[in-house]
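This briefing describes the packing of helices, the sheet and the nonpolar cores of one protein model. The sequence and the structure are shown first, and the points follow by topic.

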Amino acid sequence: MRFQSTVAGIAVAAAMLFSLPVHGQAPPPTAAAAGQLDELINKKMRQAGIVGLGAAIVVNQQVVWSKGYGYADKARGLPFTPDTVMNVGSISKTVTGVAMMRAVQDGKLSLDEDINAYLPFKLVHPRHRAERITLRQLATHTSGITDRWSVYEGTYHYGGDTPEDLGGFLRSYFTPQGKHYAAENFLDVKPGTHREYSNIGAGLAGYIVELATGEKLGRYTKRLIFAPLKMDSTGWSLSEIPVQKHSTLYISQNGMSVPIAPYALTTYPDGGLRTSVADLSKLFIALLDKGQYRGARILDQKSVAEMLRFQYGASNKPDNVKLDQKNSGIFWQSMFNVTRMGHGGSDPGLKTDMLTDLSGKVGVILFTNTSLYEQEMGKYNDIFKAIWSHAEALKAEAAGD
């Protein structure tokens, strides 16, 4: 199941997140600092059984460091590089959020309209039938929709692309005549009043984008996001990207890494994106630079500002949220007591993060092609902390400190 990444054990580092003006591209790190980072990453990878890893550091909307470690395919000795393609889990939701905001920008959707204005079937909260559900609620996980695991686990299809239609699945989950329908698909809360992370809710948002634009999400995002940004190794299905570019995915336990079959998701808008560190860096920079990357614009400044702004406030915060601990953009999550924003992903065979400080001046992308059990997650956390510290050092070096 894909959840917002919660990298425990590095909250102390969040106190360092104070930005300074950065002018021009930061100079490369010293050989000693780079060597120490390499040594730590390789050590932690060995300890945790992580097979492959890729990462990038963004300072002042520029990639100033990027590197791969280990293997994309251990058996064949293929190295993991910043160009290696893999599933990224729930970071996919950010791309769905960009697509949704583009449709809003173009007048095809409204964040606050009842979603039944767009759906070909009627969706009603069974315990709060008079209340509407909106795209804003889906994107901030306050819709009252929940993931019933006994159903959701069946949306993973191993060995190839999914044979199940997204719209058909959603109809079966949300309409009383559907085979997957149950009152337990909804929380006993009024929509807009309570936060619970929902993958199926994100899948529903992506489906609504498809209906409103008349295009499948893959085609729509390729035309308006991936192609302009030259994200040539990014797509939503196994068949879109040459197999030789894909990383094998692994599950690690007790230091042993076992390869798993490739898979696809019925609810692909919530976690089915496949991309590389190099490609995702372009989208990340576009979001941090008001919607554009190297002259290619994917959203106007107003749309980006709405996507990234804190949506919860004193008058509309969910009943289970403390504003100094949690907030949300449009499929853009706060982490570490609202000191960083972005998204993370966890799925079989992967752990990913794409996080920035609140100023947007420092960001880190981290991919691993190995899912870890709880006792091994500390090693991943150590790697993330080390890369973030390196990012802060690069920012300070660029500022002349």
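**Helix packing, sheet and cores**

Helix H3 (residues 92-105) packs against helix H8 (residues 217-226) at an angle of about 80 degrees, and their axes are 10 Å apart. Axes are lines fitted to C-alpha atoms, for helices over the stretch in contact, and angles run from 0 to 180 degrees between N-to-C directions. The two helices, H3 and H8, are therefore roughly perpendicular, a class that covers 65 to 115 degrees. This is a predicted model, in which local features need pLDDT of at least 70 and side-chain atom pairs count only at pLDDT 80 or more, while totals for chains, interfaces and linings use all residues. Residues are numbered from 1 along each chain as its sequence is written, and side-chain values use heavy atoms, with hydrogens and water left out.

- On the H3 side, Val95, Thr96, Val98, Ala99, Arg102 and Ala103 meet Leu217, Tyr220, Thr221, Leu224, Ile225 and Phe226 of H8; contact means heavy atoms within 4.5 Å.
- Helices (H or I, at least four residues) and strands (E, at least two) are DSSP runs, numbered from the N terminus.
- Helix H6 (residues 166-174) is mostly covered, with seven of its nine residues buried; buried means under 20% relative accessible area, exposed over 50%, and partly exposed in between (1.4 Å probe, protein chains only).
- These buried residues are Leu166, Gly167, Phe169, Leu170, Ser172, Tyr173 and Phe174, and they pack against helix H5 (149-152) and helix H7 (199-213).
- The N-terminal end of H6 is capped by Asp165, a side-chain oxygen of which lies 3.2 Å from the backbone nitrogen of Gly167.

**Nonpolar cores**

- The largest nonpolar core has 76 residues, of which Met100, Phe174 and Leu204 touch the most other members; such a core is a set of buried Ala, Val, Leu, Ile, Met, Phe, Trp, Tyr and Cys residues joined through side-chain atoms within 4.5 Å.
- Helix H9 (residues 277-288) gives the most to this core, with eight residues.
- Leaving aside neighbours within four places in sequence, Leu204 is in contact with Ile115, Leu119, Leu123, Leu138, Ile145, Leu170 and Phe174.
- A second, separate core of 28 residues includes Ile57, Met335, Leu366 and Tyr380.

**The open sheet**

- Seven strands form an open sheet in the order E3-E2-E1-E15-E14-E13-E12, with antiparallel pairing; two strands pair if DSSP finds at least two bridges between them.
- Strand E3 (78-79) and E12 are the edge strands, each pairing on one side only.
- Strand E13 (residues 340-347) is mostly covered, seven of its eight residues being buried.
- Strand E12 (residues 333-335) is joined to E13 by three bridges and runs antiparallel to it; Met335 stands opposite Arg340, and Gln333 opposite Gly342.
- The hairpin of E12 and E13 has four residues between the strands, and Phe336 in the turn has a positive phi of about 55 degrees.
- Eight bridges join E13 to the antiparallel strand E14 (residues 350-357), where Thr352 is the bridge partner of Gly345.
- The hairpin of E13 and E14 has two residues between the strands, and Gly349 in the turn has a positive phi of about 85 degrees.

Definitions and conventions:
Polar contact = N/O pair within 3.5 Å; in protein donor to acceptor, adjacent residues only side chain to side chain. Parallel < 35°, antiparallel > 145°, perpendicular 65-115°, else oblique.
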